[in-house]
Amino acid sequence: MERGLDVVEALRRVLAEPGEEARRLLAEAFASDPVAAAEELSRRVGGDAAPDTCVATVRAEAAAAAVAAAYAAGRKLRLIVPRDPVPGWAPLRAIAAAAAEAGLADVYEAPLLPSSRLHASAAERRLARLLRGVSPGCIDVTDAPATAVLAAYAAGVRCFLYLVDTGYGLVYQRFTAQRG
């Protein structure tokens, strides 16, 4: 069986039964050959637009799909992951490291979730500052916490993408934020 098919089967398993073990298998399949994995997954990811930035907290499948969509569009993805530990984040971190090492993504760490030491508004301000610096056009918020969506809006982002499983593939649906 080809390596690319392994990553597709791992993605199907995660979508059918999300969990840390299934995400770990996806991360292992993706990390074995990130470029081939991105190429294989890009055939199964489509939609209204491709993200140039992805904010992910735990869901490795969202990061893998965003890397694949950006690869298909001929862009390098900006992947924003949590700076502070989150339960179940190891597979996401493995995909982020493999994508960065292969040159498919630039990985940024930011405080995504409020905590007892970090107030929600402070987390939102820090992430907004980062997003202004990377100037995203379309941002994947499939696995983004509310503070990240608020930060993106504060940074001027008006194009948000959400990944939807259609059963035979993954589709990015676009929604825009408007004042009013």
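Colleague: Are C138 and C159 buried or exposed?
Modeller: The model is predicted, and in it both C138 and C159 are buried.

Colleague: What makes C138 and C159 a disulfide?
Modeller: Their sulfur atoms are 2.3 Å apart, and the cut-off is within 2.5 Å, so the pair counts as a disulfide. By this rule the count comes to one disulfide. The link of C138 and C159 is right-handed, with 85 degrees about the S-S bond.

Colleague: What does the pair tie together?
Modeller: C138 belongs to strand 5 (residues 138-143) and C159 to strand 6 (residues 159-165), so the bond connects parts that are 21 residues apart in sequence.

Colleague: Why does C54 count as buried?
Modeller: Its relative accessibility is 1%, and buried means under 20%, so C54 qualifies.

Colleague: Why is helix 2 called roughly perpendicular to helix 3?
Modeller: Helix 2 (residues 20-32) and helix 3 (residues 34-42) pack at about 110 degrees, their axes 5 Å apart. Angles of 65 to 115 degrees count as roughly perpendicular, so the label applies to helix 2 and helix 3.

Colleague: Which residues make that contact?
Modeller: Helix 2 contributes F30, A31 and S32, and helix 3 contributes P34, A37, A38 and L41. Of the residues in this contact, six are nonpolar, one is polar and none is charged.

Definitions and conventions:
Residues are numbered from 1 along each chain as its sequence is written. This is a predicted model: local features need pLDDT of at least 70, side-chain atom pairs count only at pLDDT 80 or more; totals for chains, interfaces and linings use all residues. Side-chain values use heavy atoms; hydrogens and water are left out. Helices (H or I, at least four residues) and strands (E, at least two) are DSSP runs, numbered from the N terminus. Buried means under 20% relative accessible area, exposed over 50%, partly exposed in between (1.4 Å probe, protein chains only). Axes are lines fitted to C-alpha atoms, for helices over the stretch in contact, and angles run from 0 to 180 degrees between N-to-C directions. Angles under 35 degrees count as roughly parallel, over 145 as roughly antiparallel, 65 to 115 as roughly perpendicular and the rest as oblique. Contact means heavy atoms within 4.5 Å. Ala, Val, Leu, Ile, Met, Phe, Trp, Tyr, Cys and Pro count as nonpolar, Asp, Glu, Lys and Arg as charged, and the others, Gly among them, as polar.
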